[in-house]
Amino acid sequence: MSAPLLEIKDLHAKVDGKEILRGLNLTLEAGQVHAIMGPNGSGKSTLSYVLAGRDGYEVTSGSVTFKGQDLLALATEERARAGVFLALQYPVEIPGVPNATFLKAAVNAVRAARGESQYDAIEFLKRAKAKFAELKMDPVFLSRALNVGFSGGEKKRNEIFQMAMLEPSLAILDETDSGLDIDALRIVSEGVNALRAPDRAMLVITHYQRLLDYIVPDKVHVLSKGRIVKTGGKELALELERTGYAGIAA
Amino acid sequence: MAVSQDTVEAVRVASEYKYGFVSDIDDDRPPKGLSEDTIRYISAKKEEPIWMLDWRLAAYRHWLTLENREPQWAKVEFPKIDFQDLYYYSAPKVKEGPKSLDEVDPELLKVYEKLGIPLKEQEALSGIAVDAVFDSISVATTYKAKLGELGIIFCSMSEAVREHPELVRKYLGSVVPVADNFYATLNSAVFSDGSFVYIPKGVRCPMELSTYFRINASNTGQFERTLIIADENSYVSYLEGCTAPMRDENQLHAAVVELVALEGAEIKYATVQNWYPGDKDGKGGIYNFVTKRGACRGARSKISWTQVETGSAITWKYPSVLLEGDDSIGEFYSVAVVNNRQQADTGTKMIHIGRNTRSTIISKGISAGHGQNTYRGLVRMQPKADNARNYTQCDSLLIGPDCGGHTVPYIEVRNRSARAEHEATTSKISDDQLFYCRQRGLSTEDAVSVIVNGFCKEVLQKLPMEFAVEAQKLLGISLEGSVG
Ligand SMILES: Nc1ncnc2c1ncn2[C@@H]1O[C@H](COP(=O)(O)OP(=O)(O)OP(=O)(O)O)[C@@H](O)[C@H]1O
Ligand SMILES: [Mg+2]
């Protein structure tokens, strides 16, 4: 058996001096999609930030191995270039910077790290427009300032657009479904499914089993108080929908 | 959310000045200090007519009465300048004025190459006419013939004094009077060289006119003097770009730029200023005390200033517009960056004199390190300025806890139908923004650059294309050190 794409062992992490992750273990094979569910404040977003290497999220013990290398030793942008992508729960606005300009810089930074050629403006726009069409997004959002004045759902769609353009090997989606209307949920899910590939894995953080009808996970984990307390198949999500976290997440 | 300590620390680290080198070209200069003799020396060197010498001497005599009366109101601090300890003239040794670039000192051309301004390439490729001011003398002028066919005059100020005395006498000092302020008076006495532009009636100048200024000889105060006249219904766009070599002593630069737009004429004046800002402790660096002013003399005339100020230890600069003609328009678009110990006090004055005059002010101040950045702007509506309108927007962006951004607007409305509108914001580069950019693969340095360029977009858009690209790079360079 080949090594997993991502292996998290006994991970402990602090934010502002407070321990949030408390002995988290998780193994993700290439080609798989895992869902992470769990009560508010259980540490789901924290896990995503720790994996992405955000400043202020201090790992106190444990290890994270990504494609066989020590992920925690890499700077934020090095992780991104190595193929880690995080669709944020709350995407950030950057005034004055056109969406396309921003993403072209990002895509070229990632491509350079992979030893791939740089896209010129024309090549980039051609690809960006094609992806936009797949995600049924209005092309005006390419020239508008990044996330500025985008609705909640538009921001989330834009995250998936960025993911599609960056072609990461590990995609972490933090509540990408919240704020999406019914049609958008389907479109975004199709976008995500289109990216499922044997060499790519995804961690999908969600509160709603509905998303998992579209993006069918290989495994569902329940995170509570900084630990994975239960792991099951897709049916676990259905069960949680009925029972809530009462029985599992003490 | 506040910016992280890392970023703050990183920004504090001095950036190496990219254009820091001193080229060794012999110079030719009088002894240090300022006296009537110095002025006679300068005037003689330049083979000026007697009226020009008299004008300089009158300015000098007035300047003597201003002793110790340097302007004090700007929010900048520096040791008192000993004006007797400066050189007032320096010229590269060139036997005859060069007829073409081939005759220009190859050392000089190398300097331009280091600066990334290959003149030959510019001449051949970009269609930009370059009147290159090296230290105090213009050494290369291109495209003159082509412009000449349209009756456009684009030459050095020294040449204009000799060849076009009627225009120079009519307009020199007509916008910035000799007695305007301490530094302008000094400049009037000792000005070395600069550009002269005249666009005849109804002519649209077919290319951007461009000058690269450069301070070179050690300890030489630079006193450029530029005069641009756009006759009725003409149009011109002028670009000024500056870089200077690294050195230890502070250097005084006190330029005067005067613009005159007659009826229906339009002048666009763009500057990218990148003089040596000093090291991270503020040692060295240029003192840039500039008086720039335009007069919209005729009805429906328009003057637009665009500046990107990234260099100099101290910037003291208020490109202004006198809106004399009815329906005339004044614009000021500015980006000013300070890092380390740099200080900038910059802004504009829009003086509405005629009816239906309009002005727009967009100022973007970026402060990092221990930099202090002040926007100072005056909007005045004179009693006859019926229906005059001003819109002012001042935005400050702060990087780190030790810098300052200040906005000092002066608004004087003396006409009931006139309106002035002022908006101001202060923001920081947030940790969220930096994280987001880096998570997408950008380095911290590129992230800062992207965010800053976004912040300045409205101003950068006003620059001609080639200049905008250069300006964007400069913004990145001057904020370098924000690398995590
Ligand atoms: N900067 C911080 N300082 C202090 N506590 C923090 C900080 N960031 C997160 N926390 C705390 O860490 C805990 C986990 O937060 P996290 O955002 O990871 O939860 P979550 O599982 O994503 O919740 P939700 O479902 O609401 O998105 C919460 O109790 C939160 O208050
Ligand atoms: Mg969360």
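View 1. His207(A) lies in the loop between β10 (201–205) and α8 (209–214) of chain A; helices (H or I, at least four residues) and strands (E, at least two) are DSSP runs, numbered from the N terminus. The model is predicted: local features need pLDDT of at least 70 and side-chain atom pairs pLDDT 80 or more, whereas totals for chains, interfaces and linings use all residues. Residues are numbered from 1 along each chain as its sequence is written, chains are lettered from A and ligands numbered from 1 in the order written, and side-chain values use heavy atoms, without hydrogens and water. The His207(A) side chain forms polar contacts with those of Glu175(A), at 2.8 Å, and Asn40(A), at 3.4 Å. A polar contact is a pair of N or O atoms within 3.5 Å; within protein, one must be able to donate a hydrogen and the other to accept it, and residues adjacent in sequence count only if both atoms are side-chain atoms.

**View 2. The magnesium ion (ligand 2).** Ser45(A) (OG) and Gln89(A) (OE1) coordinate the ion at 2.0 to 2.2 Å. Donors are N, O and S atoms within 2.8 Å of the metal (3.2 Å for Na, K and Ca); water is not among the atoms, so sites may look incomplete. Ser45(A) belongs to helix α1 (residues 44–52), while Gln89(A), 44 residues apart, is in the loop between β6 (84–87) and β7 (94–98). Both residues are buried (under 20% relative accessible area; 1.4 Å probe, protein chains only).

**View 3. An open sheet of 4 strands.** The antiparallel order is β2-β1-β4-β5 in chain A, with β2 (18–28) and β5 (69–70) at the edges. Strands pair if DSSP finds at least two bridges between them; β4 (residues 57–66) and β5(A) share 2 bridges.

Notes:
Buried means under 20% relative accessible area, exposed over 50%, partly exposed in between (1.4 Å probe, protein chains only).
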